[in-house]
Amino acid sequence: MSLNNRAQRLFLSSLSGILLALPWFQWHVGWVLLFALVPLLAVDDFFFERRKEYKSVQVFWHSYFSFFIWNLLTTWWIYFATDFGAVAAIILNSAFLAVVFWLYHIVRRRLGNSAGNIALIAFWIGFEFIYLHGRISWPWLTLGNGFANTVILVQWYEYTGILGGSLWVLVSNILLFYCYKNQCFSKHKLKRWQGLTALSLLWLLPMLWSFYLYRSAQAYTKSNRGVEVVVVQPNIDPYNEKFGGMTTEDQ
């Protein structure tokens, strides 16, 4: 697809936003995240290849469009608690993610593809880590959480946490994009098989490991050595008491 037309670039940006949002609906499609960023990476590549014609800020606005759609489709429900909070959360969180993607593009422009890809992974996971541990925490759209309805694929979170899932998603999208662009459809058989093999291993090995862990957990449960789990929910009014001066320890 030629991306010289702005409408085509906006279409790909919106496609990434929609694909990113799908796993947050109650569907078992967490695997969609493994290629959800590819359309947006194609838009980024268009501006990278024509960096003498376009300013880097174009990547910010196109990625903002993607992340705005993602945030809007998955966090609109905040409106029921606070309309201002919903608008602020959607606008600001989309901007934060767009800045992360924009910084990746700037590094790629100045230092090349390899440095850019490393920067995308480092910036994104670094941002998620800060967001998870900051005073204002908003972990809802952490990429690793997109497998919440497909937990059979990510049993290895017990070792890596959800950021391991984010790493899996980012590496998969980067590798898939470059496989499409340079290797998988290359006339050179060796390059084609190298790309396809690397991509297959990246997808299959974590999944097979997860299936093994899942079956092991089932066997443990069926052996009459079950685990009793207790979930405690504090009876705190989230609209008044929770943010009315009561400390976390008191709650």
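# Briefing: helix packing and ring contacts

Apart from its neighbours within four places in sequence, Ser94 is in contact (heavy atoms within 4.5 Å) with Tyr64, Phe67, Phe68, Asn71 and Ala89. This is a predicted model, in which local features need pLDDT of at least 70 and side-chain atom pairs count only at pLDDT 80 or more, while totals for chains, interfaces and linings use all residues. Residues are numbered from 1 along each chain as its sequence is written, and side-chain values use heavy atoms, with hydrogens and water left out.

**Overall architecture**

- The protein chain contains eight helices and zero strands, where helices (H or I, at least four residues) and strands (E, at least two) are DSSP runs numbered from the N terminus.
- In sequence order, the pattern of the protein chain reads α-α-α-α-α-α-α-α.
- The C-alpha trace of the protein chain spans about 60 × 50 × 30 Å along its principal axes.
- Of the 251 residues in the protein chain, 39% count as buried; buried means under 20% relative accessible area, exposed over 50%, and partly exposed in between (1.4 Å probe, protein chains only).
- The protein chain has an accessible surface of about 15,100 Å², and carbon and sulfur atoms contribute 65% of this area; accessible areas come from the Shrake-Rupley method with a 1.4 Å probe, and for residues only the protein chains shown count as cover.
- Among contacts in the protein chain with a separation of 6 or more, 67% join residues 24 or more positions apart.

- Ser94 is buried, at a relative accessible area of 0%.
- Asn93 is buried, with a relative accessible area of 3%.
- The side chain of Ser94 makes a polar contact of 3.4 Å with the side chain of Asn71; a polar contact is a pair of N or O atoms within 3.5 Å, and within protein one atom must be able to donate a hydrogen and the other to accept it, with residues adjacent in sequence counted only if both atoms are side-chain atoms.
- The Ser94 side chain also reaches the backbone oxygen of Phe67, at 3.3 Å.
- The side chains of Asn93 and Asn71 are joined by a polar contact of 2.8 Å.
- Leaving aside neighbours within four places in sequence, Asn93 is in contact with Asn71, Ala88, Phe127, Tyr131, Trp138 and Leu141.

- Helix 1 (residues 6-21) has 16 residues and reaches 23 Å from its first C-alpha to its last, close to the 22 Å expected at 1.5 Å a residue; the expected span is 1.5 Å times one less than the number of residues.
- Asn5 caps the N-terminal end of helix 1, with a side-chain oxygen 2.7 Å from the backbone nitrogen of Ala7.
- The buried residues of helix 1, including Arg9, Leu12 and Leu19, pack against helix 2 and helix 3 (57-75).
- Helix 2 (residues 38-49) has twelve residues, and its reach of 16 Å from first to last C-alpha is close to the expected 16 Å.
- Helix 2 is mostly covered, with ten of its twelve residues buried; among them are Asp44, Asp45 and Phe48.
- Helix 3, with 19 residues, should span 27 Å at 1.5 Å a residue, and the 26 Å between its end C-alpha atoms agrees with this.
- Buried residues of helix 3 include His62, Phe67, Trp70 and Asn71.
- The buried residues of helix 3 pack against helix 1, helix 2, helix 4 and helix 5 (113-133).

**Aromatic rings and charges**

- Rings of Phe, Tyr and Trp (its six-membered ring) pair if their centres lie within 6.5 Å, and planes under 30 degrees apart count as stacked, over 60 as edge-to-face and the rest as tilted.
- By this rule there are 26 aromatic pairs.
- One of these is the tilted pair of Trp31 and Phe35, at 6.2 Å centre to centre with 45 degrees between the planes.
- Trp31 counts as partly exposed because its relative accessibility is 40%, and Phe35 counts as partly exposed at 28%.
- Tyr79 and Phe80 form an edge-to-face pair, at 6.4 Å centre to centre with 70 degrees between the planes; Tyr79 and Phe80 are both exposed.
- Trp24, Phe67, Trp70, Phe101, Tyr104 and Trp124 are linked by ring pairs into a cluster.
- Arg51 lies over the face of Phe48, 4.2 Å from the ring centre; a charge sits over a ring if NZ of Lys or CZ of Arg is within 6 Å of the ring centre and within 35 degrees of the ring normal.
- Arg108 also lies over the face of Phe48, at 3.9 Å from the ring centre.
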